[in-house]
Amino acid sequence: MTQAVYLKFVMVLGVVCMKKFFLIILSSFIFLALTGCGVYEEVNHNANDVREKTKQRIIGILMPKRDSLRWTKDGDNLRYEFEKRGYKVDMQNSENDTQRQQDQLKYMIENGADIIIVAAVDSEALAEVLAEAKTKNIPVIAYDRLIMNTDAVSYYVSFDNKAVGRLLGEYIENTFGLNNGAGNFNVEFFAGSVDDNNARIVNDSLLEVLQPYIDNGQLNIPSGQIDFDQTTIYRWRNEESNKRMGNILENVYGGQTPPDAVICASDSISSGVISALEAYGFRAPDYWPIVTGQDGDVVAARNIITGKQSMTIFKDTRVLSAKCAEMVDDLFNGNIPDINDNMTYDNGEIIVPSYLCQPVVVTKDNFKEVFLDTGYYAPEDVGL
Ligand code: GAL
């Protein structure tokens, strides 16, 4: 190769390399620009996430107590329903302490809850604190128990409490064959808590069914205690129902014979009654009264299997919590929540628009279908 040819070769090679170098630089720019965009997008996306999170709505939930499974299940199901819909849940439990619930409520109002769901410990004790919620425009939903004497309650979601009382009464009526004239049954009544609006409603509608049979003597009440003031069990506590049943068995029945039926307004009440009966030496299923209940608590479910309890009025907490979450969705989306009662729940201040779910009677006969087949309880939960 001559020197001239060699020089030409080097020049051509240089030009090619420069082009390549230029191309490499250019493509690097393009690459950086693109990946830069990616980074930007990534950052931007995170910023959106953060923005989403900071405006994530907070649902304040106040539950009354944990000593009966129904309220723990209510809490769990509410959390599930709200978290599933992307809300943030702040749940507090007041262990049946009125002051504590007032404080929890105040805290939620002052600390950014966007909506508050309350199952009141004492239906009459929240009006003052709720006035603050109203000034801050925080909607309040009364959950299961109505909140009295305030216009700060936006909605009430519950079960049809009148139906609960009616179903209890009809169960006694049908089991004894009262409408066929059967009679002379000894029964005792155990009503719900004096500070829970549900308790009187259930009691009144129960007596609407049974009062005629009391009046005509088909039903006797050996204790003579029928007025709500006499039969009420404070805070639905099993210790209280246990004490009262013990007194009645001792002083009225001489500890010898059980009544034919003990009409209990809830499963916590019936569990106290059942242990009093056992303490007096009675054993289910023979020589054992009909014992009723309400809620579908796990203890009651077990007692239905063993025959210590005849029935419960099941209030499916999955249904109630889902309905409550739907109401909240509607409120946030500017829709009017679905209600099915706009006249029954007068809280002394306003008639609270309500959605009432339907309770279901559970006995041994439909136990499997209602509790097991729907997955509310696993067989091992109820001793099967
Ligand atoms: C009531 C409710 C009953 C029962 C009771 C005891 O408010 O209506 O179903 O759960 O509380 O906790």
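This is a predicted model: local features need pLDDT of at least 70, side-chain atom pairs count only at pLDDT 80 or more; totals for chains, interfaces and linings use all residues.
The charged end of Arg70 sits over the ring of Trp71, at 3.9 Å from the ring centre. The table sets out the two charge-over-ring contacts.

| Charged residue | Ring | Distance to ring centre |
|---|---|---|
| Arg70 | Trp71 | 3.9 Å |

**Overall make-up**

The protein has 384 residues, and 50% of them count as buried. Its secondary structure comprises twelve helices and 13 strands. Among contacts with a separation of 6 or more, 72% join residues 24 or more positions apart.

**Aromatic pairs**

How many aromatic pairs does the structure hold? There are eleven. One of them joins Phe371 and Tyr376. Their ring centres are 6.3 Å apart, with 25 degrees between the planes. This pair counts as stacked because its planes are under 30 degrees apart.

Are Phe371 and Tyr376 buried or exposed? Phe371 has a relative accessibility of 0%, so this residue counts as buried. Tyr376 is buried too, at 5% relative accessible area. Both values fall under the 20% cut-off for burial.

The two rings also belong to a cluster. Ring pairs link Phe371 and Tyr376 with Phe314, Phe367 and Tyr377.

**Around Val370**

Val370 lies in helix H12, which covers residues 367–372. Why does Val370 count as buried? Its relative accessible area is 12%, and the cut-off is under 20%, so Val370 counts as buried.

Which residues does Val370 touch, leaving aside those up to four places away in sequence? They are Phe314, Val360, Val362 and Tyr376. Phe314 and Tyr376 are also members of the ring cluster. Val370 and Asp316 are 54 residues apart in sequence. In space, their C-alpha atoms are 9.6 Å apart.

**Helices H5 and H6**

Helix H5 spans residues 161–176, and helix H6 spans residues 197–215. The two pack at an angle of about 30 degrees, with 7 Å between their axes. The crossing of H5 and H6 is right-handed.

On the H5 side, the contact residues include Val164, Leu168 and Ile172, along with Gly165 and Gly169. Lys162, Arg166, Glu170 and Glu173 of H5 also take part. From H6, the contact residues include Ile201, Val202, Leu206, Val209, Leu210 and Tyr213. By class, the contact of H5 with H6 has nine nonpolar, five polar and four charged residues.

Notes
Residues are numbered from 1 along each chain as its sequence is written. Side-chain values use heavy atoms; hydrogens and water are left out. Rings of Phe, Tyr and Trp (its six-membered ring) pair if their centres lie within 6.5 Å; planes under 30 degrees apart count as stacked, over 60 as edge-to-face and the rest as tilted. Buried means under 20% relative accessible area, exposed over 50%, partly exposed in between (1.4 Å probe, protein chains only). A charge sits over a ring if NZ of Lys or CZ of Arg is within 6 Å of the ring centre and within 35 degrees of the ring normal. Axes are lines fitted to C-alpha atoms, for helices over the stretch in contact, and angles run from 0 to 180 degrees between N-to-C directions. Helices (H or I, at least four residues) and strands (E, at least two) are DSSP runs, numbered from the N terminus. A crossing is left-handed if the near helix is turned anticlockwise from the far one by less than a right angle, and right-handed if clockwise. Contact means heavy atoms within 4.5 Å. Ala, Val, Leu, Ile, Met, Phe, Trp, Tyr, Cys and Pro count as nonpolar, Asp, Glu, Lys and Arg as charged, and the others, Gly among them, as polar.
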